[in-house]
Amino acid sequence: MSALLEADAVTRRFGGLTAVNEVTFSVEQGAAVGLIGANGAGKTTLFNCLTGFDKPTSGDVRLRGKSLLKMARHKVVRAGVARTFQIVKPFPDLPVLANVMVPLIAGGTKGDLKAQAMAVLDRVGLAARAASPSSQLSEGDLKRLEMARALATKPVLLLLDEPFAGLSVSEIGVLSDTIRQLRQDGTTLIVVEHKIGSLLQLVDRVVAMDQGAVIADGEPQAVMRDPAVVTAYLGGGAHVDTQ
Amino acid sequence: MDVLVQGALTSAVIALVALGFSLVYGVGGIVNLAHGSFFMIGAYSAYAMTQTGAPLLVAAVVGVLAATLAGVLLERLVIAPIRHQEVAVLIATLAVAILVQSGVQFFYGGLERQLPGFVDGAVSVFGVTLQQTRVLAGLIALVTIVVVLLVLTRSPAGRMVRAVAQDEEASRLIGVRPERVTLYVLAIGAGLAGLAGVLTAPYGVLTPTMWLLPLTQAFAIVILGGLGSIPGTVLASVVVGFLDRFVAFNVKDGDIKVGLVTVAVILATLVLRPQGLLGKVAH
Amino acid sequence: MTSTTVADPAEPAAPVAPPTGPSRLKRLLRPNPLILLALPFLLLYLPRFVDNTTLLQQVAVGTVFVMFAASWDILSGYTGQVNFGHAAFIGTGAYTVALLSKYEPGVSNELALLAAVAVAAALGLLIGVPCLRLKGPYLALATLSVAGALVQLTFIYKSQTGGEDGIAGVKTVVDGAVSGPVGEALSKLVLGPLTFGALTPFNQYIYVSYFVTLVVMLLMVGGLMALGYGKRGLVLRSIQQDELAAEAAGVPLTRYKLGAFVLSAACAGLAGGLYAQVQGTVALNLLAVDLSLLIIIIAAFGGAGSIIGPAIGAYIVILLQNYYLDRSTDLFLEHPELKIGTFALLLIVVLIVQPRGLVPPLLQKLSGRGSPSRSAGATMAESGGAQP
């Protein structure tokens, strides 16, 4: 079975520092993969390399067999790889609806854009706030807007960068439901997250990183019990944060 | 050889302007579009003094002081209230530059003026015959730059300046007041530019629009040298200075073409090597 | 799992002002219809009620400045690439027309305007590419420098361009194959054929200029507004708000940024060329920094990012500068530089004091963010009420 996304010996060096070190893994269509690691483990750098926001020093990133490396950022998005930002980046002075219309326009969508944008907002539960300026949204709503914007690009692969950061328990619940629904609708997911408990309820595979390299990759419970992961990420205390 | 020596002298003078400009940006985060106006104020103030019969030395000092005062006024009145609004600062400083230009035009008209040289006669340097004025100007500029660099790198005041340049908020924690430092740096930068104006005045002409070229050259230097890099600024000043003299001598209508060539260099650098000659991070 | 709207019990009450509903969205996507309809009619029939041909001449200049400001706005007010040297495009268009008129008088006025557009657009491309990676202050310096360099270029080719004196005797709109008849037709329509026929040739030329500039302006502003308030305008705005986010949304950044640059340049070139054909002369003032600043002032008082805002500002500023100030004291007449100096001073004062509602909209639009003030509370309040 050919993979949807392949990271092939991806390495990213910044001067003397190797942030990502020969990372290789692949993601099948329809999968939901979690990416964990301590701060500084290289998750964000890898994330940026996978989404076209950074170019690896060596190695390759392929979508359905085709290398993404030579593509301009917007072309990567058009190829079907969408991402959210850890620190949300809405278009602050534009109304929520307009925020979602932009990717639709960029994607050359035809037809009633407002209606299609409303449909996307509906999927994430933001339809009621369509006319509000995005600068007035709560943190949880902003995360949903991030996702709506990513969804409006009609991705086959959605990469979420710490979607639960800064959210309350109930907000996490709402967002999780939305993400689960996305998966049911056929979107492949890669989620970077620190809140392991919430993450584990979404994914069926976990990749753990430490100091730029993959140290474990597989079934979530197995990875969480892997001694290397326990030492590197959980600091030897060995209990999973169930928040 | 001629170009070499002249280039060295011109580089020193240009570096005076660029250093002030670069420091203000590095320390205050402010791009002062009126920086060239300090240059002009220095030149015109010195000229005004010579018109009243004052000795040249006095005129020169007045020129530098006038420019420094202008710097202080600019910082206190215009920049301080809007320090953190980048766009407002840009528009406001441009407006100041135009205001100064209008003022100069009002008092002195659009005609060109000239300042008599400081010292008469010629001297031979490395086999090149030069006006003593030019040599003197270059030496003064060189000495000034060395002094400024020494102060920046060795003195406690210089350490304060570099602290603010590195991290404004952190410097506050160790008792430095960034607002004060910005004022001092701007005033000194203005003085340096004014000095450059005074030094250049004798062998150039004064017009109300003479502020734009020094600004353009300072910009070219910052682009070439990489933002905030002092060695970069120095190196780039040398490049721009030599380019200036090279064009002036070897190209027909060289004096006028300098501005054009400088802009071409800027655009080329931006396209080919956006981080400049020594800069590390692409802007 | 259903995907209908989910009520979130933990969601906090909306801060400061409640969302104002559909009207906000509408205002973003459509300008005030009253101004849109009223202004063209007002301008069209103005000559019927105003006899003063000198005043009308300056209104025509105002019309040209509307084009200068609108072309600036589609770039600087929309994408946030603030151009501090817009005069470069204007002057390029003007000098292209003038040079063609001087050296190739056989070229028709319309063709000359087309050439002006092409040359200005090419310049826009030439500058736009290196400027793609430049932010605020650097872009300001770069555009400023380019305009200055063009002034130098004009001096270098002094014999062709006339240096400080510029070029006189440019073929005017009256001589145009299309513009002449159109201007005349409209003049006759508004004034009545008999009245128009009885005028001196000079006065006829003033009316023809008036109407030709009006027609071109309405077409240009109409086109730019359609663009600005449409889909592409939204994308342009998004670029100003957050380039990275726009890229993540799939926006081809380079294409839009460069496109805005070239469009802005082309429109400015057209306006500049037309101005040359209206005045009959071109001079260095069309490339000068003063002009660039004047356009920024116009946009500042009119409201950037709306196209129509700067348009209104243009009439006010130009009539003030070219008509009313001259009549107030002799000082301004003898020393025209004081006029731009006064405007500059006013602008500085306004920028420092920042009376609510006057300048903040401009700065907000240009910097792509909410209130210029740093406090979050103010940001909420300002963005709630600061739409033009």
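This is a predicted model: local features need pLDDT of at least 70, side-chain atom pairs count only at pLDDT 80 or more; totals for chains, interfaces and linings use all residues.

In chain A, strand β1 (residues 5–14) is joined to β2(A) by 7 bridges, and the two strands run antiparallel.

**The four-stranded sheet of chain A**

- The strands of this open sheet follow the order β2-β1-β4-β5 in chain A, and their pairing is antiparallel.
- Because β2 (17–27) and β5 (66–67) of chain A each have a single partner strand, they stand at the edges, and one side of each is left without a neighbour in the sheet.
- Within the pairing of β1(A) with β2(A), A:R13 is placed opposite A:T18 of β2(A).
- Helix α1 (residues 43–50) of chain A lies across β1, β2 and β4 (58–63) of that chain, and its direction is at about 120° to β1(A).

**The six-stranded sheet of chain A**

- A second open sheet, of 6 strands, has the order β6-β7-β8-β3-β9-β10 in chain A, here with mixed pairing.
- Its edges are β6 (81–83) and β10 of chain A; each has a single partner strand, so one side of each is left without a neighbour in the sheet.
- From one strand to the next, the twist of this sheet averages 20°.
- Helix α1(A) packs on this sheet as well, where it touches β3, β7 (157–161), β8 and β9 of chain A and makes about 150° with the direction of β7(A).
- A parallel pairing over 4 bridges links strand β3 (residues 32–37) of chain A with strand β8 (residues 188–192) of chain A, and in it A:V33 stands opposite A:I190 of β8(A).
- Strand β9 (residues 205–210) and strand β10 (residues 213–218) of chain A are antiparallel and joined by 5 bridges, with A:G218 of β10(A) as the bridge partner of A:V206.
- The hairpin of β9(A) and β10(A) has 2 residues between the strands, and A:Q211 takes a positive phi near 50° there.

**Helices of chain C**

- Chain C contains 19 helices and 0 strands, and 54% of its 388 residues count as buried.
- Among the contacts of chain C with a separation of 6 or more, 77% are between residues 24 or more positions apart.
- For helix α3 (residues 53–77) of chain C, 25 residues at 1.5 Å a residue should span 36 Å, which agrees with the 34 Å between its end C-alpha atoms.
- Since 21 of the 25 residues of α3(C) are buried, this helix is largely enclosed by the rest of the structure.
- The axes of helix α4 (residues 87–103) and helix α6 (residues 136–156) of chain C come within 8 Å and cross at roughly 30°, which makes the two helices roughly parallel.
- Their contact involves C:A87, C:A88, C:G91 and C:T92 of α4(C) together with C:V146, C:A147 and C:L150 of α6(C), a set with 5 nonpolar, 2 polar and no charged residues.

**Contact between chains C and B**

- The contact takes 41 residues from chain C and 37 residues from chain B.
- On the side of chain C that touches chain B, at least two residues each are supplied by α5 (109–131), α6, α14 (289–302), α17 (337–353) and α18 (360–367) of chain C, and the largest share, 15 residues, comes from α6(C).
- By class, the residues on this side of chain C divide into 30 nonpolar, 7 polar and 4 charged.

How values were computed. Residues are numbered from 1 along each chain as its sequence is written. Chains are lettered from A and ligands numbered from 1 in the order in which they are written. A residue is buried if 20 or more other C-beta atoms lie within 10 Å of its own, exposed if 12 or fewer, and partly exposed in between; C-beta atoms are placed from the backbone. Two residues are in contact if their C-beta atoms, placed from the backbone, lie within 7 Å. Two strands pair if DSSP finds at least two bridges between them. Axes are lines fitted to C-alpha atoms, for helices over the stretch in contact, and angles run from 0 to 180 degrees between N-to-C directions. Angles under 35 degrees count as roughly parallel, over 145 as roughly antiparallel, 65 to 115 as roughly perpendicular and the rest as oblique. Ala, Val, Leu, Ile, Met, Phe, Trp, Tyr, Cys and Pro count as nonpolar, Asp, Glu, Lys and Arg as charged, and the others, Gly among them, as polar. The expected span of a helix is 1.5 Å times one less than its number of residues.
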